[in-house]
Amino acid sequence: MARKLVSIIGSRPEIVQAAPLSLAFRECVEEVLVHTGQHYDPGMSELQIADLRLPVPDYNLGVGSLPNAQGVDLAQQRLADVLERERPDAVLVRGDTNATIAGARAAVAAGLPLLHVEAGLRSHRLDMPEEHNRVETDRLSDVLFAPCEHARLSLLREQVRGTVHVTGDVLADILLASRTRLREGGERGEYLLATVHRNYNTDSPERLAAVLACLAEAECRVILPLHPRTQTALSDWNVPVPQIVETRGPVTYTEMIALERDAVAIATDSGGVQREAYLWGVPCITLREETEWVETVSTGWNTLVGADPERFRLALGKPRPVERPPIFGDGRASERIAELTAMALEGAREASVA
């Protein structure tokens, strides 16, 4: 009998990451996919699931958009009910969202082994809710799948109690596998692609205006697909958008990576988009003072500028690096994680019988 795994998603990045893993799990694990409903906008959830051919989740908990503590508590309560009903051998969480920490706490409360995909990433920025979610989840986890060597070293320094494996990055798997689905000759003309969604870039009108001032430094048009949080902030504060910036609604994963591929440069505060830019070989300018993906900076493909228009302008003029080493693995991270998960679940079942 296949071992049962409750696998938790809640946001668009987790949906993207879940697609190749769900495919790999079919060979060795019974996956029960649970969506907390943290991202409930169709453009951020249902359309992404369909675009990525991810199975429709077995459960949608309908948590919605609540303040952090309330959302986590409600998700944990509803996940506890699912775990009681399904009685899995283990729980898998991914990344650093409210769904991640709610799943981690629910697993520990139920006495179930916890597995964490994308473990060990650190921004060392304590005003990021995601940073607190990462650190606590890694401390609670029994098996930690680090996407790169830098993440593994962070976990070793923190002396986590779980077993650490360097697997490569699942996001690289899905991008590499999706390349053949993209049509050639997409968006016409030169453009810079931008994404903005982090709380510290959108939670004050002054900071958001500074970010937009950075984008105004571009010498070509800027395409800015809007996260719902950013759309709300622009509307509530009536922050003017520079003429050069063309705003759009949320796009599917396939549309997004096609836009990334054809951009002259990418400006973002997203960790996932930083990685995708690197995988495409497109220069990235990060609208943050720090990044979890330090290898993208050390190789010269990513420049940190915060919300400083002058630094942004200088970053646009940097030449492209010559080399781009495979820092995110070989496109087989999902297979490794599935194999290691099956082994962990088998060990958990044997331990419970003993």
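**Helix packing, burial and backbone angles**

Q: How are helix 11 and helix 12 oriented to each other?
A: This is a predicted model, in which local features need pLDDT of at least 70 and side-chain atom pairs count only at pLDDT 80 or more, whereas totals for chains, interfaces and linings use all residues. Residues are numbered from 1 along each chain as its sequence is written, and side-chain values use heavy atoms, with hydrogens and water left out. The axes of helix 11 (residues 253-262) and helix 12 (residues 271-280) come within 9 Å and cross at roughly 55°, where axes are lines fitted to C-alpha atoms, for helices over the stretch in contact, and angles run from 0 to 180 degrees between N-to-C directions. Angles under 35 degrees count as roughly parallel, over 145 as roughly antiparallel, 65 to 115 as roughly perpendicular and the rest as oblique, and helix 11 and helix 12 are therefore oblique.

Q: By class, how many nonpolar, polar and charged residues does the contact of helix 11 with helix 12 have?
A: Contact here means heavy atoms within 4.5 Å, and helices (H or I, at least four residues) and strands (E, at least two) are DSSP runs, numbered from the N terminus. Ala, Val, Leu, Ile, Met, Phe, Trp, Tyr, Cys and Pro count as nonpolar, Asp, Glu, Lys and Arg as charged, and the others, Gly among them, as polar. From helix 11, Tyr253, Met256, Ile257, Glu260 and Arg261 meet Val273, Glu276 and Trp280 of helix 12. By class, this contact of helix 11 with helix 12 has 5 nonpolar, no polar and 3 charged residues.

Q: Is the crossing of helix 11 and helix 12 right-handed or left-handed?
A: A crossing is left-handed if the near helix is turned anticlockwise from the far one by less than a right angle, and right-handed if clockwise. Under that convention, the crossing of helix 11 and helix 12 is right-handed.

Q: How are helix 1 and helix 7 oriented to each other?
A: Helix 1 (residues 12-25) packs on helix 7 (residues 170-178) with the axes 8 Å apart and at an angle of about 80°. Val16, Gln17, Ala19, Pro20 and Leu21 of helix 1 meet Val170, Leu171, Asp173 and Ile174 of helix 7, and the residues of this contact divide into 7 nonpolar, 1 polar and 1 charged. Given the angle of about 80°, helix 1 and helix 7 are therefore roughly perpendicular.

Q: Which residues of helix 4 and helix 5 make the contact?
A: Helix 4 and helix 5 have axes 9 Å apart and pack at an angle of about 25°, which makes helix 4 roughly parallel to helix 5. Helix 4 passes helix 5 in a left-handed crossing. The contact is made, on the side of helix 5, by Asn133, Glu136, Thr137 and Leu140, and on the side of helix 4 by Asn98, Thr100, Ile101, Ala104, Arg105 and Val108.

Q: Is Gly103 buried or exposed?
A: Gly103 is found in helix 4 (residues 98-109) and touches Ile8, Leu79, Val91 and Val93, not counting residues up to four places away in sequence. Buried means under 20% relative accessible area, exposed over 50%, and partly exposed in between (1.4 Å probe, protein chains only). With a relative accessible area of 0%, Gly103 is buried.

Q: Where do the buried residues of helix 10 fall, seen down its axis?
A: The buried residues of helix 10 (residues 228-237) are Thr230, Ala233 and Leu234. Seen down the axis of helix 10, these buried residues fall within an arc of 95°, the arc being that of the directions from the helix axis to the C-beta atoms. They pack against helix 8 (199-202) and helix 9 (205-215), while Ser235 and Asp236 are exposed on the other side of helix 10.

Q: Is Glu118 buried or exposed?
A: Glu118 lies in the loop between strand 5 (114-117) and helix 5 (129-140), and its phi is near 75°, a positive value in a residue other than glycine. Arg87, in the loop between helix 3 (68-86) and strand 4 (90-94), also has a positive phi, of about 50°, and at 60% relative accessibility Arg87 counts as exposed. Glu118, with a relative accessible area of 14%, is buried.
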